[in-house]
Amino acid sequence: MTAIDAPATRVEHDSLGAFEVPATAYWGVHTARAMRNFPVSGTTVGSHRSLVAALGAVKLAAAHANHELGLLDDRRHAAIAAAAQDVRDGALDDQFVVDVIQGGAGTSTNMNANEVVANRALEILGLPFGSYDEIHPLDHVNRCQSTNDVYPTAVRLALVGAIDRLAESTEALADSFARKATEFRAVPKIGRTQLQDAVPMTVGQELGAFATTLREELARLADSRVLLCEINLGATAIGTGITAHPDYPRLAVQHLAEITGLPVVGAGDLVEATSDTGAFVQVSSVLKRIVVKASKICNDLRLLSSGPQAGLGELRLPARQAGSSIMPGKVNPVIPEMVNQVAFWVVGNDVTVTMAAEGGQLQLNAFEPVMAHGLLQGFTWTAAAFDSLRELCVDGITVDAAKLAAAAATNAGLATALTPLLGYARSAEIAKAALAGAGAVRDLALAAGGLDPAVLDALLRPETLANLDATGVDGAIGANRE
């Protein structure tokens, strides 16, 4: 038969009957039905590379365990293992065609994986696609497994990778702020509370605080990573391990740890682990916390760079593109604005994850697909946004040191430093007079009498006012020093 004469489809069967699938597709009848049932988002499981890789790792671990237990012969094991490795390596991502949003608690995704592995294994053996009497998607590839332990395990593995990626981006962004904190360590400015002038500080202290607040999240990510490494592989349908060999859970987890290099452990109570999605709620909360902090920082960057002539204009963000189709020369803080929007999306998705976790019933949560998609998308977007914020914005921040020093030296907020010597009431009078234009705080304080000019000058030094030696700016930048 020539290629021209080759049939365009093949017929496969399941418990619902016959169904035609493309002759060259690695997926089969179960995947085909899912494609028809869930034309929802237009985003396929294959778009989540980490999830597909995790599915390949789980199928590979299962094949090794089943072979070790005598449930797969050498020939089938070798073919299935090679096919699962191909899935893990990304050779078949385009065959994971079901929509990420699906009913069935991820059954369609697991079926998609089973069929792709089975048909790739058949191809390795030189057999036609669909020769399931030789290698069956369920009897062989899915042996000792259920969607209810395969899918959540794969999602957890994928999220561990996503956490590692975001941790790298977060640390790099914190390092960037720390470098700027070092650069602007002694540049004075006025701090603000409730958008009103408060007391003196330095630009380095302000940016160093951003570095610290981001670094704090690395520990939260590490905690979440540990939580995700507890898996329910071997639980099968509801945690009782029905249809699985008694030794399968232990061996499957052991092989999965060896394959992935992750410290995965089997859950102590598989019934509880199969129904509980609390780990996803925790991970979503951590992601939300990180991105909310970053969004607040971006709000500050936009405020501090506002103007540049009629706003605060204290920071200069790198110009990245024209800001208006009508106003020549206008440049907008587009990178911080992008991060803000990622944060809005993540916060909204946290509500979705929360409600999906709450919506679970009895021994299983059917809504893990929307949790998985939202979390993987959120981590991916956040890491990319942090990389852009670092490379295209923070690394290029500059300041007008002379302008900031002049503004700080004449600000009425300097009167706060006088309260230990003059008391609150007299200091308030000096501040009020300075705001009314009667003179600078230093001159008004000298005119009030009773202060040694040398003592006053020492008190009003920028380093003294900002309390540089006692604040955490050096700690914030310390991790960036060799």
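**A close look at Ile135**

Mentor: Let's start with who touches whom. Setting aside residues within four places in sequence, Ile135 is in contact with Arg76, Ala79, Ile80, Ala118, Ala121, Leu122, Leu125, His140 and Val141. Keep in mind as you look that this is a predicted model. So where does Ile135 sit? Find the loop between helix 4 (107-124) and helix 5 (137-141), and you'll see Ile135 there. Is Ile135 buried or exposed? Its relative accessibility is 0%, so Ile135 counts as buried, the cut-off being under 20%. Now pick out Ala121 from that list of contacts. Ile135 and Ala121 are 14 residues apart in sequence, and their C-alpha atoms are 7.5 Å apart in space.

Pro188 belongs to strand 3 (residues 188-193). With a relative accessible area of 14%, Pro188 is buried too, because that value is under 20%. Leaving out residues up to four places away in sequence, Pro188 touches Met201, Thr202, Leu404, Ala405, Ala408 and Pro462.

For another loop, go to His48, which lies between helix 1 (29-37) and helix 2 (49-68). Its relative accessible area is 8%, so His48 is buried as well. Beyond its neighbours within four places in sequence, His48 is in contact with Val100, His373, Leu376 and Gln377. Have a look at His373 in particular: its side chain is joined to that of His48 by a polar contact of 2.9 Å.

What about open space in the model? The largest pocket has a volume of about 450 Å³. It is lined by 18 residues, and the closest to its centre are Ser305, Ser306, Gly307, Pro308 and Val331. Sorted by type, the lining of this pocket has seven nonpolar, six polar and five charged residues.

The chain averages a pLDDT of 92, and 96% of the residues score at least 70. Residues 475-482 have a pLDDT below 50, though, and this stretch makes 14 contacts in the model beyond near neighbours in sequence.

Notes. Residues numbered from 1 in each chain as written. Predicted model: local features only at pLDDT ≥ 70, side-chain atom pairs only at ≥ 80, totals over all residues. Heavy atoms only, no water. pLDDT = per-residue confidence, 0-100. Contact = heavy atoms within 4.5 Å. 1 Å grid on protein atoms, 1.4 Å probe; cavity = no way out; pocket = protein on both sides within 12 Å on 5 of 7 lines; lining within 4 Å. Points joined across faces, edges and corners; volume = space filled by probe spheres on them. Nonpolar A, V, L, I, M, F, W, Y, C, P; charged D, E, K, R; others polar. Helix = DSSP H or I, 4+ residues; strand = E, 2+ residues; numbered from the N terminus. Buried < 20%, exposed > 50% of the residue type's maximum accessible area, 1.4 Å probe, protein only. Polar contact = N/O pair within 3.5 Å; in protein donor to acceptor, adjacent residues only side chain to side chain.
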